[in-house]
Amino acid sequence: MSIQIYVNGEFFPKEEAKVSVFDHGFLYGDGVFEGIRAYDGRVFKLNQHIDRLYDGAKGIMLDIPLTKQEMIEVVLETLRRNELRDAYIRLVISRGPGDLGLDPQKCSKPTIICIADKISLYPEKMYKEGLEIITAATRRNPPEGVNAQMKSLNYLNNIMAKIEANLAGVPEALILNREDYVAECTGDNIFIVKHGELITPPPYVGILVGVTRNSIINMAKVMGIHIHERVFTRHDVYTADECFLTGTAAEAIPVVKVDGRVIGDGKPGPLTLKMLSALKNHIKNEGTPIYPNE
Ligand code: PXG
């Protein structure tokens, strides 16, 4: 059976799920989205994802015509329709159809889409051995333009960096901001370890404040590990003892080489492995049940 996709209150088989070519999400990248995961019948940090979606919509003055609770139901119902327990969920809210001018006032009804499907991870080998990444020449959009805290439908900044990674033959690219401070990767936040302490860039550097990042910070606090949200440079990454990335798609993955510099001893470090396994445990014990009575 074809997967069932939610479009504006109805479910359609994948082949029939369509939006207008006049949709401003398509014409202008005018909208917001979320990438969410379900593990073993439960949706991980669903409320945090929904909050971020509504905050982004507020930032671009897009009134979502559903309450947060109704949106949560859309996600859960999409998973149920597709009989999924482990899934990747994509919520997309666009400005909706309008005319060929960019004025959002001409768009009367936002488009709401929810897709739930299986996901393909990085190969297991990369989680065990760690990633090699490069620094992109493309800089992060400055927060005074389109703030990176909004998960907007315009990801060209990240895609430009991803193209650089592709050209270099590596899976990810590190993105700096205009002041040369490390921001994040194309779809992941970054952590480094120095002298047993965790360091991750603060939101004002220009990052998407990741749900996975927040989980790592909170777990570190509970585990008594020192965690700092502070700016650092590429040099600090080169000379870090350990490095890892976090994101809904990637979960948490070690980095062992940056711009040809070996990080630490070139193997995933002890604190990285500790945080990866803590995240796995946390995932098992957290989440909104998809199916009642579970
Ligand atoms: N930074 C950026 C720019 C992101 O897009 C993250 C950090 C991590 O945030 P979360 O909340 O997921 O821990 C993201 C999220 C993809 C894909 O297809 C990317 C993301 C989410 C879903 C899918 O590569 N990025």
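Contact here means heavy atoms within 4.5 Å.

## Basis

This is a predicted model: local features need pLDDT of at least 70, side-chain atom pairs count only at pLDDT 80 or more, and totals for chains, interfaces and linings use all residues. Residues are numbered from 1 along each chain as its sequence is written, and side-chain values use heavy atoms, with hydrogens and water left out.

## Nonpolar cores

A nonpolar core is a set of buried Ala, Val, Leu, Ile, Met, Phe, Trp, Tyr and Cys residues joined through side-chain atoms within 4.5 Å. Buried means under 20% relative accessible area, exposed over 50%, partly exposed in between (1.4 Å probe, protein chains only). The largest core has 30 residues; Val43, Ile64, Met71, Leu79 and Ile89 touch the most other members. β3 (31-39), α2 (46-59), α3 (68-81), β5 and β6 each give two or more residues to this core. Helix α3 supplies the largest share, six residues. Helices (H or I, at least four residues) and strands (E, at least two) are DSSP runs, numbered from the N terminus. Setting aside neighbours within four places in sequence, Ile89 contacts residues including Ile36, Val43, Val75, Leu79 and Ile115.

A second, separate core of 21 residues includes Val237, Ala250, Ile253 and Val255. Ala250 sits in the loop between β13 (242-247) and β14 (251-258). Its relative accessible area is 2%, so Ala250 is buried. Beyond neighbours within four places in sequence, Ala250 contacts Tyr122, Tyr127 and Asp188.

## Charged pairs

The structure holds 16 salt bridges. A salt bridge is a side-chain nitrogen of Lys or Arg within 4 Å of a carboxyl oxygen of Asp or Glu. Arg95 pairs with Asp30 (2.8 Å, N to O). Arg95 lies in the loop between β5 and β6, Asp30 in the loop between α1 and β3, 65 residues apart. Arg95 is buried at 9% relative accessible area; Asp30 is buried at 12%.

Asp259 and Arg234 also form a salt bridge (3.1 Å, N to O). Asp259 is in the loop between β14 and β15 (261-262) and Arg234 is in helix α7 (residues 234-238), so the pair ties together parts 25 residues apart in sequence. Shared partners join Glu73, Glu77, Arg80 and Arg81 into one salt-bridge network.

Asp23 lies in the loop between β2 (10-13) and α1 (24-28). Asp23 is buried yet has no salt bridge. Its contacts, leaving aside neighbours within four places in sequence, are Ser94, Gly96, Pro97 and Thr111.

Definitions and conventions: Lys and Arg count as positive and Asp and Glu as negative; His and the chain ends are not counted.
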